[in-house]
Amino acid sequence: MRLKDKVAVVTGASRGIGRAIAIRLAAEGAHVVVDHPGEAEAANEVVQTIQDSGGAALAIAADVSITDAVHNLFRITVQEFGTIDILVNNAGICPFVEWFDLTEDIWDQVHHINLKGAFLCSQAASRIMRDHRHGGRIISLSSISALVGGSFQTAYTPTKAGIRSLMQSLAIVLGPYGITCNSILPGSILTDINRDHYQDAQILARDSQRIPVGRLGNPTDIAGVAAFLASEDADYINGADILVDGGLFVNLQ
Ligand code: NAD
Ligand code: RM4
C-alpha cells in the first residue's frame, strides 16, 4: 500500500498498459481515475475490477487531444477525489503505415493524441499540484522508439522522443514544486496497439528472438515500474527514463 489515498489519473486506461497501471496503482492504495476516449464498457470493467478488490476508481471519458475534455477530466477528478497526486500519461496510438503512404491527417492525429495530449494533461495536472502545494508525480509512457527508429512508425517515433524530452524539461520546471517527471520506455509489449502487426508469425518470431529474455512484454511488466516511480522509493528520481524491454535495446551484435 505504498500509494495509500493518493489520487492518480491514468490516461487511456481502458485497455492494455494503461489498464494494468490503473489496477496496480489501485492495488497499492491509490484512488484511480480511469480516463478513456469513449470506451465506457471497457473502462467500467477496469473500475469494477478495482472495486472488486476493495479499491476506489472512477471512469471519465476524455479525449486527451481536446483541451476542453482535458480540463473537464481534471475538474471532475478534483471534484470527486479532492486533488491529484499522480498523473500517468499513457494514452497513445501507433498506426503502422508505410512512409510513402503516410498522410498529413495521420501525422497530425498521432501527434495530437500522443504528444499534445501529454502536454495538455501535464499542464492541467501540474497547475493543480502546484496550487495544492503537495508535490506530485508525472509519469509518461515514452518508448524504446524514442531511441531507435521504426520503418512503419515514422509518425509515431518522433512523438515518443518528444514525450521523453518533455519530461526532461518539466523535471526542471516542476522539480522546485516537489513534482517529479519521468518516462518509462517499454520495448515490445503485446497489446491492441500492435496485435495486427504481430498476427504475422514471422514478425512475432523475429521480435521474440531478438529479446534476450525470450518473450514480448506484458502490460504488468510496465505497471510495476509505474508503481515504483509513483512511490516514495522514487523520490529522488527526476528527469529520468527507465527502459523496460527485456534487453532488446542492447542486443545489437
Ligand atoms: P493500447 O492500444 O492497448 O492502449 C492505448 C490506450 O489509449 C487505449 O485504452 C485507448 O483507448 C487509449 N487512447 C487512444 N486514444 C486516446 C485519446 N485520444 N484519449 C484518451 N485515450 C486514448 O496500447 P498500449 O500498448 O497499452 O499503449 C499504451 C502506451 O504505451 C502508448 O502511449 C504507447 O505508445 C506506449 N507504448 C506501448 C508499447 C507496446 O509495445 N505496446 C511500447 C512502448 C510504448
Ligand atoms: C512501441 C514500440 C513497440 C511497438 C509499439 C506499437 O513504442 O515501437 O515495438 O510494438 O510501439
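## Polar contacts to the ligand

In this predicted model, a side-chain N or O atom of serine 14 is 3.1 Å from an oxygen atom of ligand 1. Lysine 160 also uses its side chain, placing a polar atom 2.8 Å from an oxygen of ligand 1. Asparagine 90 takes part through its backbone instead, with an N or O atom 2.7 Å from a ligand 1 oxygen.

On its own, ligand 1 exposes 820 Å², and the protein buries 95% of that area.

## The shell around the ligand

The shell around ligand 1 holds 29 residues, of which Ile17, Asn90, Tyr156, Ile189 and Thr191 come nearest.

By class, the shell residues are 12 nonpolar, 11 polar and 6 charged. Two helices, α1 (16-27) and α5 (156-174), each contribute at least two residues to the shell around ligand 1.

## Cysteines and disulfides

How many disulfides does a search of the whole structure find? The count is 0. A disulfide requires two cysteine sulfur atoms within 2.5 Å. For cysteine 121, the closest cysteine sulfur is that of cysteine 181, and because the distance is 13 Å, the two are too far apart for a bond. Seen from cysteine 181, the closest cysteine sulfur is in cysteine 121, again at 13 Å.

Both side chains belong to buried residues: cysteine 121 has a relative accessible area of 0%, and cysteine 181 is likewise at 0%.

Key:
Residues numbered from 1 in each chain as written. Chains lettered and ligands numbered in written order. Predicted model: local features only at pLDDT ≥ 70, side-chain atom pairs only at ≥ 80, totals over all residues. Heavy atoms only, no water. Buried < 20%, exposed > 50% of the residue type's maximum accessible area, 1.4 Å probe, protein only. Near = heavy atom within 4 Å. Polar contact = N/O pair within 3.5 Å; in protein donor to acceptor, adjacent residues only side chain to side chain. Areas by Shrake-Rupley, 256 points an atom, 1.4 Å probe, with all protein chains shown as cover. Helix = DSSP H or I, 4+ residues; strand = E, 2+ residues; numbered from the N terminus. Nonpolar A, V, L, I, M, F, W, Y, C, P; charged D, E, K, R; others polar.
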